[in-house]
Amino acid sequence: MAREFSKGFYSSKAWQDCRNRYGAMRGWLCEDCLKRGLYRPGKEVHHVEELTPMNINRPEVTLNFDNLVLLCKECHKARHDTRMKDRRYVIGPDGEVICDT
């Protein structure tokens, strides 16, 4: 699920066009599965460099094919699970939870 700061981006025509072009270029096959010799449909266009409030308006991050990978639902979940495992969180002065990594 998209975080609040990125909802507008993910519903934008620029992202939808980029996502569709990238998926078509990859034949709508999961890139991680292909590396293992498996042919599974890619459903999620994933940003390698995670989108943040600081980079959400930078097309060189958000719309750059070099920062995208097409994944099936299982590989997408695995990438996010790995990303979340290494995170540390702190509580900000106003009580907000902040990712520290």
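## A tour from D32 to the cysteines

Begin by selecting D32, which touches V69, L70, L71, C75 and R79, leaving aside residues up to four places away in sequence, where contact means heavy atoms within 4.5 Å. Before going further, note that this is a predicted model, in which local features need pLDDT of at least 70 and side-chain atom pairs count only at pLDDT 80 or more, while totals for chains, interfaces and linings use all residues. Residues are numbered from 1 along each chain as its sequence is written, and side-chain values use heavy atoms, with hydrogens and water left out.

Stay with D32, which is part of helix α3 (residues 31-35); helices (H or I, at least four residues) and strands (E, at least two) are DSSP runs, numbered from the N terminus. Because its relative accessibility is 14%, D32 counts as buried, a term that means under 20% relative accessible area, with exposed over 50% and partly exposed in between (1.4 Å probe, protein chains only).

Next come the aromatic rings, of which the whole structure holds four pairs. Rings of Phe, Tyr and Trp (its six-membered ring) pair if their centres lie within 6.5 Å, and planes under 30 degrees apart count as stacked, over 60 as edge-to-face and the rest as tilted. Select Y10 and W15, an edge-to-face pair with 5.6 Å from centre to centre and 80° between the planes. Y10 is partly exposed at 27% relative accessibility, whereas W15 is buried at 3%. Then select Y22 and F65, whose ring centres are 5.1 Å apart with the planes at 80°, so this pair is edge-to-face. Y22 sits in helix α2 (residues 13-25) and F65 in the loop between α4 (59-62) and β2 (68-71), so the pair ties together parts that are 43 residues apart in sequence.

Finish with C33, which is buried at a relative accessible area of 0%. Its closest cysteine sulfur is that of C30, 3.6 Å away and too far for a bond. A disulfide is a pair of cysteine sulfur atoms within 2.5 Å, and a search of the whole structure finds zero disulfides.
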